[in-house]
Amino acid sequence: MSGSQQTLALVLFSAFIAVTLGITTWAGRTRQGSAEEFYAGGRLFSPMENGFALAGDYLSAASFLGISGLIALFGYDGMLYSVGFFVAWLVVLLLVAELVRNCGRFTLADVVAARMAERPVRTAVGASSVTVSVLYLVAQMVGAGSLVALLLGGTSGAARSWTVVGVGALMVVYVSLGGMRATTWIQIVKAVLLMAGAIALTVTVLVHFHGDVDALLTTAAERSGHGADFLAPGLTYGGSWTARFDFISLGVALVLGTAGLPHILSRFYTVPTARAARRSVIWAIGLIGCFYLMTIVLGFGAAAVVGSAEVRASGGAGNTAVPLLALELGGGEGSTGGTILFAVVAAIAFATILAVVAGITLASSASVAHDLYASLRRPGGEPFGEVAVARMAAAGIGVVAIGLGLLAQNLNVAFLVGLAFAVAASANLPALLYSLFWKNFTTRGAVWAVYGGLVPALVLVLLSPVVSGGPASLFPGVDFQLFPLENPGLVSIPLGFLAGWIGTVTSAAPADEDKHAEMEVRSLTGAGAV
């Protein structure tokens with residue numbers, strides 16, 4: 001990239017960082033000592049504000065950079081991510097939004113443990129939530145590294161590494177100083193910027209082809225190197241039965257995973273009532289649906305204007321498709337328009353990453369403090385305050401995410417998020433749905449459901465082509481691949497539900513019918529909700 005592009009983009013990066021640090025400082029002046037203020041922002045946000053924040057939390061680097069890149073490289077098959085990520089919100093709206101808001105206080109474990117023995121259930125759900133959050137954080141780190149490496153000229157390993165470290169440090173500052181109030185306003189600002197940028201870029205692509213969608217798709221197919229196959233299913237997932245099962249596995253994980261994501265569920269506690277939570281989801285669905293329609297245009301636009309070969313050659317597994325598209329639409333490298341458009345898009349993508357990592361870090365640090373620490377500390381010991389533990393946990397989680405982000409720099413961010421969705425759907429969703437809807441569900445069933453989904457999902461990922469056995473693996477020089485699918489959801493999600501059922505039917509202790517009746521009334525009516 002030219003010096004002017006670098007300078008302008010870095011100025012915009014710095015401006016967003018300054019604004020978000022200002023928001024964090026302002027929010028930090030409010031009373032952050034209470035758990036309700038730190039975890040839930042005092043439950044004072046309106047449905048529209050929370051809807052924008054939900055969209056800001058959900059539309060991550062995977063959405064803006066990864067999905068468009070996959071469509072630019074693989075055409076029709078890349079669209080599965082857009083469809084899967086969006087359809088998942090129907091599960092959230094119809095099954096969990098209002099019920100979770102009525103039954104919990106701050107975390108997913110509040111809901112699952114409401115009628116169980118708290119210590120084992122909180123430990124299991126807390127560990128699972130932290131695992132999912134760290135996997136999600138790694139994807140954002142990889143996206144940040146790809147973006148800044150492109151900005152600074154090529155695929156510099158040092159630039160990527162320092163970017164990952166810098167993003168990790170910023171996310172710890174946001175969470176430690178500002179809590180949920182700062183994180184929510186950062187999400188709202190980011191959602192507005194992202195939607196505005198996506199609309200502007202989508203309109204520019206359509207104007208470039210004079211509004212002729214057929215010309216856009218035809219040009220994309222020609223420049224992809226695959227011809228008509230680029231616009232038909234099967235380019236990635238149709239070559240063999242293994243690829244087809246991988247397609248099904250990914251689709252199931254995407255559709256079911258959102259309802260088990262800790263940072264999405266925690267947003268329902270920032271509004272005062274269950275009705276407000278449901279209206280928040282409706283706002284989010286409108287924003288997210290519009291955005292994913294635009295990613296399809298941007299993905300095919302990148303293939304048509306930039307070319308699939310150029311996107312692939314830029315590195316980052318397609319993660320740089322949208323910035324390269326902006327550069328070309330503005331007039332190409334060296335042009336004033338290209339410089340401005342590239343810098344704006346790069347800054348919006350960077351803002352997206354910073355905002356999402358703040359939300360995920362807050363949710364995972366809440367799980368550590370509110371679930372793991374609270375359940376594992378010894379009775380009678382002098383405890384640290386929960387909020388203090390959450391702040392320390394944010395730093396620890398940041399270090400882990402930085403380390404894994406440095407390791408996974410060459411993987412596509414949407415693909416990495418697909419793995420996080422698979423783990424969430426395998427471990428968190430079975431326990432959540434059984435707790436809400438199965439009268440006879442027991443403590444053993446809850447613990448078995450979490451570990452019965454979490455452990456197989458992680459083991460299958462370790463034994464999959466993602467980690468070893470191929471040129472694109474994390475460790476290409478070794479081969480201990482035993483599981484053929486890249487996404488474990490098709491196997492691990494049913495195992496999570498099966499383990500929860502087996503644990504319940506073999507449990508010696510019966511379910512507490514009184515607590516179930518209380519939880520059912522509370523979940524459906526809001527009576528007694530915090």
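Student: Is Phe437 buried, exposed or partly exposed?

Tutor: Phe437 is partly exposed, with a relative accessible area of 48%; buried means under 20%, exposed over 50%, and partly exposed in between, using a 1.4 Å probe and protein chains only. Keep in mind that this is a predicted model, where local features need pLDDT of at least 70, side-chain atom pairs count only at pLDDT 80 or more, and totals for chains, interfaces and linings use all residues. Residues are numbered from 1 along each chain as its sequence is written, and side-chain values use heavy atoms, leaving out hydrogens and water.

Student: Where is Phe437 found?

Tutor: Look in helix H17 (residues 413–437). Helices here are DSSP runs of H or I with at least four residues, numbered from the N terminus.

Student: Salt bridges next, please! How many salt bridges does the count come to?

Tutor: First the general idea: side chains of opposite charge can pair when their charged atoms come close. The rule asks for a side-chain nitrogen of Lys or Arg within 4 Å of a carboxyl oxygen of Asp or Glu, and the count comes to six.

Student: What other salt bridges does Arg122 form?

Tutor: Arg122 meets Glu118 in a salt bridge at 2.9 Å, N to O, and both lie in helix H7, four residues apart, about one turn of the helix. Arg122 also forms a salt bridge with Asp371, with the closest N and O atoms 2.7 Å apart. Because Arg122 lies in H7 and Asp371 in helix H15 (residues 336–376), that pair ties together parts 249 residues apart in sequence. Salt bridges that share partners join Asp110, Glu118, Arg122 and Asp371 into one network.

Student: Are these residues buried or exposed?

Tutor: Arg122 is buried at 9% relative accessible area, and Asp371 is buried at 0%. Glu118 counts as partly exposed, at 44% relative accessibility.

Student: How many aromatic pairs are there?

Tutor: A search of the whole structure finds 16. Rings of Phe, Tyr and Trp (its six-membered ring) pair if their centres lie within 6.5 Å; planes under 30 degrees apart count as stacked, over 60 as edge-to-face and the rest as tilted. Trp241 and Phe245 have ring centres 6.2 Å apart and planes at 40°, so their pair is tilted.

Student: Why are Trp241 and Phe245 separated by about one helical turn?

Tutor: An α-helix has 3.6 residues a turn, so residues three or four places apart point the same way. Here, Trp241 and Phe245 are four residues apart in helix H10 (residues 241–257).

Methods. Helix = DSSP H or I, 4+ residues; strand = E, 2+ residues; numbered from the N terminus.
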